[in-house]
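Please read it alongside the sequence and the structure shown here.

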Amino acid sequence: MLPSPHHPARLVVLGFGAATLVGTLLLMLPVAAESRTATAPVTALFTAVSAVCVTGLVVVDTESHWSLFGELVVLGLIQIGGLGIMTLASLLGLLVARRMGLRMQLIAQSETKALRLGESRRVVIGVIRMSLVVEAITAIALTLRFVFGYDQGGWHGVYLGVFHAVSAYNNAGFALYQDSLMGYATDPWIIVPITVALVLGGLGFPVLFEVGRWLRRRTRDHRWTLHTRLTLWTYFALAVFGIVAVTAFEWSNPGTLGPLGSLQKLLVGGFHGLSPRTAGFNSVDVGAMHSSTLLVNDILMFIGGGSAGTAGGIKVTTFALLAFVIAAEIRGEPTVHVLDRKLAAPVQRQAITVALLGVGAVVVGTLTLLTITGMDLDAVLFEVVSAFGTVGLSTGITAAIPDSGLIVLVALMFLGRLGPITLATALALRDRGRRYELPEERPIVG
C-alpha cells in the first residue's frame, strides 16, 4: 500500500537531493579534477545540480577541468537525472490518473488503491528501454561521424559519441567542448542526430509510448489521449515559432548566422529554434544574439517541453491549457473545452498555479541576481530563465557570477526541475471537500 498522498513527492525531492549530495562529494575529490586538486565545494555543487537536473550550466569547462573520472561522474548524474525524472514522473502520473479514475467511478470512496506491481514494472521498463534505445542509436550515429569525419579514432570517438548522445537525449546540454557545438554548427551529421534525440527526450515518455503503440498497430483507428494530442500540437507549433523567429532575427547578424550560407543558416536556425526547449546546446555564440532573439529564447525556455520527459519549464501542456482557458473567458463560455474534451476546474487551477509560481521564481531570481552581480538585465534574465527551465544556455556570464549568485541558480535549477512534477502531483492528490461554502461575491477584475 502507498503511504500518505504527500509521500511520492517527498521521495522525488529526497532522491534528487541524495543524488546531488553524492555527486558533489565525488566531484570534490582530487581524482575528479584534471589538475588532481580538490574542486571548490560551490563549483562541485553547481556542477552536480546542473547534471542531475539535466540543465547544462557550467562554471568550469567540462573537458579541461574534469578528469575522465569527473566526466564519468557528470555523465552518470545526467543519466540518473534523466531516467529518474522520466520514470518517477510517469509513475506519479499513473498514480494520479488511477486515483482520479476511482474518484470519478466511485465518488463516495475515499481510499486510494495502490498501483499494481505489473503496471509499475511496465512503466519503468518502458522508460529505460526507450531511453537506452534512443541513446544507443544516437551514439552510433555520432561515433561514426567523429571517427570517420574528424579522425577521432579508437575509444575516444566512441566516448564522444556516447557522452553527447546521453547528454542530448536527456536534454542536459553538457558538451566536451568549451564552445559547446560551435565547431560542428554546419555539420548535419552531428547536429541532426543530436536534434532528433533532444526532441524525443523532450516530448515525454507517455507521448512516446502512445505514439509507438500507435505505429505498431496494423490499423490506425486508435484515438490518441488528450495529453498526447495537446503535447504534440503545442510542441511542434512552438518549434515552428522558435525556428522561424530565431532564423529571421539572426539572419544578418554578423556574430551568429550572418557569415553562413543560406542552407547553413537554416540548419543553425533550426537547431537554435529547438535547443531552447531545454536542450542547452549552442552552435553559435548566444552572447552575440540580438535582444529580440534572447527574448524569444526566454519564452521558449520558460515553457519547456513535454510532461514526464527530460525537458524542464512549466511544460507545453500547461501553456496550452492556459491558452484554452483565456480563449474560453474571452468568448464568455461557462466551461473550458480542449480538443473535444471538457477541462476540469481543478486542472485549470493547477495550470494557473504552476505558471504563476514559475513567473514568481523567475522574477525573484532575476531581482536577486541583478542585486548581487550588477549585470545587464538581458543577460541576467536569460541566465535565470535558463536555470529555472533547466536549459543550460548562457550568454557567457555564468563563470563571472559570485558564489552567492551561483547558490541562487542552484535553487532555481532544483526548483525548476522538481517543482512542476511535485507541485502538480501534490495538487492532484490533495483534493479536499468543503463542509460549507461562504457567500459568493465577484470583485472587479481587469
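## A buried loop residue, and the basis of the model

A33 is placed in the loop between α1 (7–28) and α2 (41–52), where helices (H or I, at least four residues) and strands (E, at least two) are DSSP runs numbered from the N terminus. A33 is buried, at 0% relative accessibility; buried means under 20% relative accessible area, exposed over 50% and partly exposed in between, with a 1.4 Å probe and protein chains only. A33 and L68 are 35 residues apart in sequence, and their C-alpha atoms are 8.4 Å apart in space.

The model is predicted, so that local features need pLDDT of at least 70 and side-chain atom pairs count only at pLDDT 80 or more, whereas totals for chains, interfaces and linings use all residues. Residues are numbered from 1 along each chain as its sequence is written, and side-chain values use heavy atoms, with hydrogens and water left out.

## Around strand β1

V338 belongs to strand β1 (residues 337–338) and is buried, with 0% relative accessibility. Two C-alpha distances place V338 relative to other residues: V325, 13 residues away in sequence, is 9.0 Å away in space, and A323, 15 residues away in sequence, is 9.9 Å away. A323 itself lies in helix α12 (residues 316–331) and is partly exposed, with a relative accessible area of 40%.

L339 is found in the loop between β1 and β2 (341–342). L339 is not a glycine, yet its phi is positive, at about 50 degrees; at 31% relative accessibility, L339 counts as partly exposed.

T390 sits in the loop between α14 (377–388) and α15 (403–428) and, at 0% relative accessibility, counts as buried.

## Side chains that reach backbone nitrogens

H272 is part of helix α10 and is buried, with a relative accessible area of 1%. A polar atom of the H272 side chain lies 2.9 Å from the backbone nitrogen of S283. The term polar contact applies to a pair of N or O atoms within 3.5 Å; within protein, one must be able to donate a hydrogen and the other to accept it, and residues adjacent in sequence count only if both atoms are side-chain atoms.

T278 lies in the loop between α10 (262–274) and α11 (291–303), and T278 is buried, with a relative accessible area of 0%. A polar atom of the T278 side chain is 3.5 Å from the backbone nitrogen of G312.

## Aromatic rings

Rings of Phe, Tyr and Trp (its six-membered ring) pair if their centres lie within 6.5 Å, and planes under 30 degrees apart count as stacked, over 60 as edge-to-face and the rest as tilted. By this rule the count comes to eight aromatic pairs. One of these is the edge-to-face pair of Y177 and Y184, at 5.3 Å centre to centre and with 70 degrees between the planes. Y177 is partly exposed, at 22% relative accessible area, whereas Y184 is buried, at 7%. Y235 and F236 form another edge-to-face pair, with 5.6 Å centre to centre and 70 degrees between the planes; here Y235 is buried at 1% relative accessibility, while F236 is partly exposed at 42%.

F146, Y150, Y177 and Y184 together form one aromatic cluster. Y235 has a charged neighbour as well, in that R277 lies over the face of Y235 at 4.3 Å from the ring centre; a charge sits over a ring if NZ of Lys or CZ of Arg is within 6 Å of the ring centre and within 35 degrees of the ring normal.

## The second largest pocket

The second largest pocket has a volume of about 540 Å³. On a 1 Å grid over the protein atoms alone, a pocket is an open set of points where a 1.4 Å probe fits, with protein on both sides within 12 Å along at least five of seven lines, and lining residues have an atom within 4 Å of a point. Grid points are joined across faces, edges and corners, and the volume is the space filled by probe spheres set on the points.

Of the 29 residues lining the second largest pocket, V58, Q178, N282, S394 and G396 are the closest to its centre. The lining divides into 13 nonpolar, 13 polar and three charged residues, where Ala, Val, Leu, Ile, Met, Phe, Trp, Tyr, Cys and Pro count as nonpolar, Asp, Glu, Lys and Arg as charged, and the others, Gly among them, as polar.
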